[in-house]
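These are my notebook entries from one sitting with a model. I wrote down what I looked up, entry by entry.

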Amino acid sequence: MRGSVAEEIDIAIIGAGIVGICAAAYLTEAGRKVVVFDRTGVCEETSSGNAAAFAFSDVLPLAQKGMIRNLPRWLADPLGPLAIPPAYLPALLPWLWRFWRAGAPRHHEASLAAQATMMRLAETEWMGLMDRSETRSMLREDGSLELYESEGEFRASLPGWAARDRFGIGYRHVDGADLAGLQPGLSQRFIKGTFVPGWKTVADPRLLGKAVWAYVESKGARFERAVIARVDAGDRGIDLALASGSTRRAGQLIVAAGAWSHLLARNFSDTIPLETERGYNTTLPATAFDVKRQLIFSGHGFVITPLATGLRVGGAVELGGLKRAPNYARSRAMLEKARRFLPGLDPSGGREWMGFRPSLPDSLPVIGRAKAAANVFYAFGHGHLGLTQAAGTGRLIRDLVLGQAAAIDLAPFSPTRF
Ligand SMILES: Cc1cc2nc3c(=O)[nH]c(=O)nc-3n(C[C@H](O)[C@H](O)[C@H](O)COP(=O)(O)OP(=O)(O)OC[C@H]3O[C@@H](n4cnc5c(N)ncnc54)[C@H](O)[C@@H]3O)c2cc1C
């Protein structure tokens, strides 16, 4: 690599999303000197605008028989819960094939068990990190309410709830006055619901990320705004080539670059089938409707989250790659449904947003060491659950970097599993 090496960094992290921030937290607490690089800022992209859920009970992998059965119906609606732009389909086919295979009972069961183990760790680690970073006041512990429009939809959800029974996840099916009490003003079209008391949300994911970063910075970590164009493993460390033309050298590197991570992993001979599930939402003024807790409309692929900073309506999946321009008609389609589901909701004054979920076909993240560089570690691919699993991932990255026994079995998260 050409250019002069200005400075030796102990640990470089690429990506200041919530995963990079949490990895920085654990490594800094362990006494390591960390520099986090991001092209935008701290918690400014996908980690800033998500649905704010600590979804610790969301252990079911996405690829499952029920979901695959729904695919034709969802794909037929261009603004429905799932879209694949036809021009992107050829590039997506290998990922879709792996996704379909991940739904086979044997693979599905293994992913479910790994996800449940990860979630237990994730919850413990977030609660600890929130205490240490004094961000606990940003936690909302009022549960979630999943809603069904028909007996058929409710019955179809039952195997998923039975699977959660095996992991001790608490929930209560509700209807009538119980349902109306959990969310006053809900449309009569919803005849049943499931209340999950242990589900948590945060006041605002962007503010949480920034607050945790303030704690990490107070412990000595540094942020540098830069596009990392290339990374190379050499005899004396990892060389980072910045798009500006300058270089940095680090003793160890963590790749936490969200949906762009596989592009960096290629520099270390790792081919990782990372795709992006683009998601959309609209954040309304907090006065738009009195939503008591996160409402989940699984049949329509979106949620409504009451935040300290507004009311966020959105979700959906668009398997459209990293380059295509956003199609905010998707945000508007969900907002229009929200208006029908909560008659009286004021849809005005909203801010539209799109984010890039970094997704692997088996719904598990990649947490492990690069094949061709022992001092490079991967922490990406958390799909729908990056906020939820960020602190657990930070803990596991610390275990790996320090050479300690990992808190959980890392085999299901290995970069070489594909
Ligand atoms: C609509 C929607 C709703 C969601 N709801 C939830 C939820 O309720 N709960 C939950 O747990 N998860 C949710 N998610 C998922 C969650 O937002 C993601 O999994 C998480 O934000 C990923 O975090 P990350 O740190 O891996 O990546 P990111 O937040 O994408 O951060 C990666 C960073 O790396 C930077 N970067 C990449 N390449 C380079 C480079 N070469 N040089 C410099 N910088 C680089 C990017 O600029 C970016 O800032 C949702 C996602 C969406 C889209």
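I started from the side chain of Arg312, which reaches the backbone oxygen of Gly49 at 3.3 Å. I count a polar contact as a pair of N or O atoms within 3.5 Å; within protein, one must be able to donate a hydrogen and the other to accept it, and residues adjacent in sequence count only if both atoms are side-chain atoms. The model is predicted, so local features need pLDDT of at least 70 and side-chain atom pairs count only at pLDDT 80 or more, while totals for chains, interfaces and linings use all residues. Residues are numbered from 1 along each chain as its sequence is written, and side-chain values use heavy atoms, with hydrogens and water left out.

I placed Arg312 in strand 17, residues 310-318. Helices (H or I, at least four residues) and strands (E, at least two) are DSSP runs, numbered from the N terminus. Arg312 is buried but has no salt bridge. Asp204, the nearest side chain of opposite charge, is 4.4 Å away. Buried means under 20% relative accessible area, exposed over 50%, and partly exposed in between (1.4 Å probe, protein chains only). For a salt bridge, a side-chain nitrogen of Lys or Arg must lie within 4 Å of a carboxyl oxygen of Asp or Glu. For charge, Lys and Arg count as positive and Asp and Glu as negative; His and the chain ends are not counted.

**Entry: salt bridges**

How many salt bridges are there by this rule? The count comes to 26. I looked up three of them.

Asp178 pairs with Arg172, the closest N and O atoms being 3.1 Å apart. Asp178 is partly exposed at 34% relative accessibility. Arg172 is partly exposed too, at 37%.

Glu336 and Arg339 meet in a salt bridge at 3.0 Å, N to O. They are three residues apart in helix 9 (residues 329-341), so about one helical turn separates them. Glu336 is partly exposed at 33%, and Arg339 is partly exposed at 35%.

Arg395 and Asp399 form a salt bridge at 3.1 Å, N to O. They lie four residues apart in helix 10 (residues 386-402), so about one helical turn separates them. Asp399 is buried, with a relative accessible area of 0%. Salt bridges with shared partners join Glu125, Arg395, Arg398 and Asp399 into one network.

**Entry: aromatic pairs**

I searched the whole structure and found 14 aromatic pairs. Rings of Phe, Tyr and Trp (its six-membered ring) pair if their centres lie within 6.5 Å; planes under 30 degrees apart count as stacked, over 60 as edge-to-face and the rest as tilted.

The rings of Phe54 and Trp126 have centres 5.0 Å apart and planes at 35°, so I logged the pair as tilted. The pair links distant parts of the chain: Phe54 is in strand 3 and Trp126 in helix 4 (residues 105-132), 72 residues apart. Phe54 is buried at 0% relative accessibility. Trp126 is buried at 0% as well.

The rings of Trp161 and Tyr171 have centres 4.9 Å apart and planes at 40°, so this pair is tilted. Trp161 is in helix 5 (residues 151-165); Tyr171 is 10 residues away, in the loop between helix 5 and strand 7 (172-174). Buried or exposed? Trp161 is buried at 3%, whereas Tyr171 is partly exposed at 24%.

I also noted a cluster: ring pairs link Phe190, Phe297, Phe302 and Phe341.

**Entry: charges over rings**

A charge sits over a ring if NZ of Lys or CZ of Arg is within 6 Å of the ring centre and within 35 degrees of the ring normal. The charged end of Arg39 sits over the ring of Trp260, 4.2 Å from its centre. Arg132 lies over the face of Tyr26, 5.4 Å from the ring centre.

I traced three strands in an open sheet, order 3-9-5, with antiparallel pairing. Strand 3 (53-54) and strand 5 (139-140) stand at the edges with a single partner strand each, so one side of each has no neighbour in the sheet. Two strands pair if DSSP finds at least two bridges between them. Strand 5 and strand 9 (residues 200-202) run antiparallel and are joined by two bridges. Thr201 in strand 9 is the bridge partner of Arg140.

Last, I checked Gly251, in strand 13 (residues 247-255). Gly251 is partly exposed at 31% relative accessibility.
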